[in-house]
Amino acid sequence: MNMEVCVPTTAAQVFHMLRRQAVRMQRKPLIVMSPKSLLRHKDASSSLEELANGEFKRVIGEVDDLDPKKVKRVILCCGKVYYDLVNARREKKINDIAIVRLEQLYPFPEEEVRAILADYAHVTDFVWCQEEPQNQGAWYSTRHHYDSVLPSHARLRYAGRPASASPAVGYMSVHAKQQKALVEDALTLE
């Protein structure tokens with residue numbers, strides 16, 4: 001692997017990602033795909049314990065106390081959309097949808113994803129959620145990896161903005177409406 005592509009979602013993840021890059025014996029490019037607004041997000045803060053004793057996690061599993069046996073859907077995502085998803089799920093008191101964050105997109109952390117998804121072997125409904133348009137973001141670059149980590153009976157679908165020539169719609173009101181719709185799509189069980 002000649003580079004790494006990461007999407008850290010907490011202050012501790014940023015710190016440990018940069019630390020890992022600095023102490024690594026073999027140098028390789030590190031590409032970080034993270035918006036500046038995430039640095040100011042109240043939920044993205046980390047404790048001193050996480051900063052002092054933690055390490056970079058290439059995948060972060062469910063953080064809320066959900067019973068894995070009761071989970072009906074698993075949402076896979078990366079980046080800032082995680083906070084929209086988890087806040088909407090908590091607000092609606094949904095306890096049968098798990099959210100898994102990919103913090104490193106390349107090289108794809110196959111073993112870590114497989115280990116986290118082992119608790120959800122009974123789940124058939126998996127969703128990739130991203131806030132970028134469908135032809136941008138991580139959907140196309142990671143999609144093919146899920147064949148080897150999802151249960152054989154599982155179905156993976158996309159929840160996000162439609163394909164677009166531009167990265168943003170240009171109007172904040174339209175952006176907010178689309179963001180709300182993609183979160184609803186990911187959290188609404190069929």
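Pocket first, so I wrote down the rule: on a 1 Å grid over the protein atoms alone, a pocket is an open set of points with protein on both sides within 12 Å along at least five of seven lines, where a 1.4 Å probe fits, and lining residues have an atom within 4 Å of a point. Grid points are joined across faces, edges and corners, and the volume is the space filled by probe spheres set on them.

I am working from a predicted model, where local features need pLDDT of at least 70, side-chain atom pairs count only at pLDDT 80 or more, and totals for chains, interfaces and linings use all residues. Numbering runs from 1 along each chain as its sequence is written, and side-chain values use heavy atoms, with hydrogens and water left out.

I looked up the largest pocket and got about 660 Å³ of space. Its lining has 31 residues, and Pro-35, Lys-80, Val-81, Glu-131 and Glu-132 are the closest to the centre. Helix H4 (81-91), strand S7 (125-133) and H8 each give two or more residues to that lining (helices are DSSP runs of H or I with at least four residues, strands runs of E with at least two, numbered from the N terminus). S7 supplies the largest share, five residues.

**Salt bridges.** I used a side-chain nitrogen of Lys or Arg within 4 Å of a carboxyl oxygen of Asp or Glu as the criterion. The structure has 15 of them. One joins Arg-20 and Glu-4, at 2.7 Å from N to O. Arg-20 sits in helix H1 (residues 11-23) and Glu-4 in strand S1 (residues 4-6), so this pair ties together parts 16 residues apart in sequence. Both Arg-20 and Glu-4 are buried (buried is under 20% relative accessible area, exposed over 50%, partly exposed in between, with a 1.4 Å probe and protein chains only).

I also checked Glu-184 with Lys-92, whose closest N and O atoms are 2.4 Å apart. That pair links distant parts of the chain, 92 residues apart: Glu-184 in helix H8, Lys-92 in the loop between H4 and strand S5 (97-102). Glu-184 is partly exposed at 28%, and Lys-92 is partly exposed at 40%.

**Single residues.** Is Thr-142 buried or exposed? I found Thr-142 buried, at 0% relative accessible area. Thr-142 is in helix H6 (residues 139-142). Leaving out residues up to four places away in sequence, Thr-142 touches Leu-105, Phe-108 and Trp-128 (contact is heavy atoms within 4.5 Å). Tyr-171, in the loop between strand S8 (155-161) and helix H8 (172-187), is exposed at 60%.
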